[in-house]
Amino acid sequence: MKPRKILLTGINGQVGRALLQQLSDYDVVGLSRDELDLSSSDAIRSVIREIKPDLIINPAAYTAVDKAESEPDLAYAINATAPQVMAEESAKLGSTLIHFSTDYVYDGRKNAPYVETDTVNPQSIYGKSKLAGEVAIQTVGLPHLILRTSWVYGAYGKNFLKTILRLASEREQLWIVADQIGAPTSSMSIATALEELVAQWDGQQSGVYHFTNTGNTSWHGFACEIVRQYKALNYLPALITDVEAIKPLTTADYPTPASRPANSCLDNAKLQQDFGIALPTWQAGLQEVMQHL
């Protein structure tokens with residue numbers, strides 16, 4: 001059944017902005033961070049009670065992975081408490097909730113793509129706070145979908161793609177981590193697939209689903225493909241046009257405050273089996289975004 005009214009959070013973020021554009025056929029109330037303070041439970045309750053949505057879609061999150069190590073209270077407020085409040089208010093209204101989560105709920109030590117039933121073991125405050133949000137929603141028990149995605153980027157905002165394009169225009173050589181593996185996932189791919197999901201989900205089936213572009217690469221491989229596609233599109237010349245100028249680093253060579261999973265690969269078979277939805281390959285997702293830059 002098509003939802004009559006959707007409340008969409010984080011519309012200035014990469015996923016939120018893409019969703020706002022993609023869901024234009026729906027009655028969507030899109031709110032930015034300034035319009036909805038996710039660190040305030042009272043603000044969230046007030047907004048939901050006023051709007052009375054049939055469906056809440058929550059891509060908004062505290063995503064500053066390293067900064068979260070020194071701001072755990074804020075990370076938990078936005079990533080754990082806010083989804084719990086959304087779930088509680090949705091349950092009171094008899095509405096549904098689609099919430100975005102992350103590959104960081106896993107420790108990255110598995111030697112194969114993670115499936116939804118694999119043991120979670122987050123290694124960072126960010127990952128722990130996102131897992132707490134998942135658990136809170138499941139505990140409330142309303143009709144919900146939790147979509148775990150990874151390595152999200154898009155044509156707007158700050159992300160790996162935009163950073164590589166900027167650095168490639170400023171430097172003659174780049175050093176990029178090559179021993180972390182995952183699926184770069186474009187906000188446009190997410191939005192297109194979510195529109196399909198919203199159209200067919202009737203709220204009868206709740207659960208966790210992996211929701212990424214298919215295939216995998218390293219951050220180094222992703223950077224190389226960005227430069228290849230940029231060059232193929234004949235955009236303005238950059239200093240770096242040859243992938244030989246992009247050198248591999250190890251995680252140990254580039255220490256960060258928060259631990260990152262070495263393996264962020266997520267198996268999407270459950271999504272395809274239950275809903276018939278498959279996101280495109282990560283290379284195709286990148287190509288689509290490149291053409292919108």
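This report describes the overall build of the protein and then its salt bridges.

The model is predicted, so local features need pLDDT of at least 70 and side-chain atom pairs count only at pLDDT 80 or more, while totals for chains, interfaces and linings use all residues. Residues are numbered from 1 along each chain as its sequence is written, and side-chain values use heavy atoms, with hydrogens and water left out.

The protein holds 9 helices and 12 strands, taken as DSSP runs (H or I of at least four residues for helices, E of at least two for strands) and numbered from the N terminus. Of the 293 residues, 51% are buried, where buried means under 20% relative accessible area, exposed over 50% and partly exposed in between, with a 1.4 Å probe and protein chains only.

A search of the whole structure finds 11 salt bridges, each being a side-chain nitrogen of Lys or Arg within 4 Å of a carboxyl oxygen of Asp or Glu. Three of them are listed here.

| Pair | Closest N to O |
|---|---|
| Arg-109 and Asp-107 | 3.6 Å |
| Glu-170 and Arg-166 | 3.4 Å |

The pair of Glu-88 in helix α3 (residues 72-93) and Arg-45 in helix α2 (residues 41-51) links distant parts of the chain, 43 residues apart. Both residues belong to a salt-bridge network that also includes Arg-49, Glu-89 and Lys-92. Glu-88 counts as partly exposed because its relative accessibility is 23%, whereas Arg-109, at 57%, counts as exposed. Glu-170 and Arg-166 lie 4 residues apart in helix α5 (residues 160-170), so about one helical turn separates them; Glu-170 is partly exposed at 46%, as is Arg-166 at 42%.
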